[in-house]
Amino acid sequence: MNYAIVDIETTGGHAAQHSIIEIAIVVTDGKQILKRYETLVDPGMDIPRHINGLTGIDDGMVAAAPMFDKIADEVYELLKDCVFVAHSVNFDLSFVKAELAACGYKFNPPKLCTVRLGRKLLPGHRSYSLGSLCSNLGIEIENRHRAMGDAEATFQVFKLLMEADTDYTMATAMKRTTGEHKLPPNLSQDQFKALPEKAGVYYFYNGQGKIIYIGKAVNIKKRVSSHFTANLKSARRQQFMREIHSISHEETGNELIALLLESHEIQKHWPIYNKALKRIEFHYGVFDFIGNDGYLRLAVDRVRKGCRPLAKYDQLDEALQSMLAFAETHQFCMNKCLIAGKEKAGSPCSTDCSCKQGKHRHNALVEHYIASLNENKESFLMLSPGRNPQEKALVLVQDGAYKGFGFADSVAQSDTLMDYIKPFPHTRLFGNVIGSFIGKKGYEVRKLG
């Protein structure tokens with residue numbers, strides 16, 4: 001069996017928008033080099049300054065070089081009967097496959113990643129980047145960040161990996177059915193295999209042990225696997241895969257607790273690859289105050305830190321509609337209200353308007369409206385399956401606001417369930433989430449007095 005050790009230099013980080021500027025191929029039987037091939041490639045675009053600084057390759061050097069379609073036949077012939085080997089193989093292979101596909105070649109070879117193999121067969125190194133690994137192994141790299149220099153260094157690493165492979169690790173890694181070739185290069189397959197097929201929250205960590213992504217799942221292993229089998233053409237996705245070094249998880253017993261815990265953890269850690277749940281939520285609220293004239297007034301404005309509104313709404317229009325509906329029914333004066341800090345400029349008041357009936361009548365209607373805002377704000381415990389058959393999960397809602405969740409023994413007495421609740425801050429997200437599970441099978445609601 002022959003192996004084609006490939007290294008490329010490119011104009012950027014992903015094959016959909018960038019191109020190869022240099023390629024080197026070292027064909028080997030695992031012991032000696034059988035063939036060498038290298039060439040600069042005209043990418044058909046300008047070489048970015050940072051790429052020039054890293055590789056030393058500039059626009060003038062590739063001006064006379066062939067475009068990839070001129071070398072595609074030769075490259076394909078060198079690679080077609082070989083195992084494709086590279087350091088972080090998915091990166092190099094994605095570019096080569098894209099360039100060959102553009103020239104009409106279907107190319108899907110067996111592959112080996114020297115990063116993943118290094119972690120298994122040469123354990124104990126702090127870093128498995130090519131530079132660090134070669135330094136630790138005493139391998140000298142000539143022309144670092146040039147295709148042939150890096151390819152020949154990878155060949156030296158590959159020889160050591162072949163010698164250390166006493167239990168057919170490489171043969172197993174090449175089997176497509178194992179799924180290992182889909183995993184991030186820095187992630188241990190053992191960690192992935194240890195993931196449960198249960199509901200919960202999972203955490204991705206970078207090489208420094210920092211959380212970079214948090215997700216929830218009904219089936220943790222299946223959901224994590226979907227990250228690695230998704231389309232990886234974007235630069236952000238490829239960078240995400242390279243940064244994943246380890247995974248941990250926490251089982252929650254059911255989807256609702258997973259959703260709540262995921263949101264809490266994202267707000268706590270702010271991982272760089274989480275977007276949706278990190279956005280700061282700006283609520284609108286209804287406030288009451290007494291004016292200089294003694295009239296009890298209402299105001300709709302943003303909810304700011306330290307404020308305690310009578311009610312919160314997602315949008316300004318929602319708060320206004322609440323007040324308008326009440327005004328139409330009770331002849332309530334909207335001209336006595338402030339909207340987003342400004343005096344409400346409404347139509348002239350009718351003879352039946354509350355402001356024409358005196359301060360006491362008007363204030364009584366405002367108090368009636370305030371009381372109506374607190375109607376239907378239920379207090380209840382939601383019980384659902386726990387992390388094992390001997391456990392149940394609890395979610396507490398008081399006066400319409402989420403208060404926290406916890407886990408209790410399935411035999412715990414009803415009057416002690418509140419003791420198991422771990423308090424968490426309320427946001428509008430939780431009310432929507434919890435409400436969507438009311439009535440679902442397995443989720444029991446117990447109203448509190």
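**View 1. Arginine 387 over the ring of phenylalanine 407.** The charged end of arginine 387 lies 3.8 Å from the centre of this ring. A charge counts as sitting over a ring when NZ of Lys or CZ of Arg is within 6 Å of the ring centre and within 35 degrees of the ring normal. The model is predicted; local features need pLDDT of at least 70 and side-chain atom pairs pLDDT 80 or more, while totals for chains, interfaces and linings use all residues. Residues are numbered from 1 along each chain as its sequence is written, and side-chain values use heavy atoms, without hydrogens and water.

View 2. Phe192, Tyr202, Phe204, Tyr213, Phe228, Phe240 and Tyr273 make up one cluster. Over the ring of phenylalanine 192 sits the charged end of lysine 221, 5.9 Å from the ring centre. Rings of Phe, Tyr and Trp (its six-membered ring) pair if their centres lie within 6.5 Å; by this rule there are 16 aromatic pairs.

**View 3. An open sheet of 5 strands.** The order is E3-E2-E1-E4-E5, with mixed pairing. Strands E3 (33-40) and E5 (111-113) are at the edges with a single partner strand each, so one side of each has no neighbour in the sheet. From one strand to the next, the twist averages 20° (axes are lines fitted to C-alpha atoms, and angles run from 0 to 180 degrees between N-to-C directions). Strands are DSSP runs of E, at least two residues long, numbered from the N terminus, and two of them pair if DSSP finds at least two bridges between them.

**View 4. Strands E1 and E4.** E1 (residues 3-10) and E4 (residues 83-86) run parallel and are joined by 3 bridges. Isoleucine 5 has valine 85 in E4 as its bridge partner.

Definitions and conventions
Rings of Phe, Tyr and Trp (its six-membered ring) pair if their centres lie within 6.5 Å; planes under 30 degrees apart count as stacked, over 60 as edge-to-face and the rest as tilted. Helices (H or I, at least four residues) and strands (E, at least two) are DSSP runs, numbered from the N terminus.
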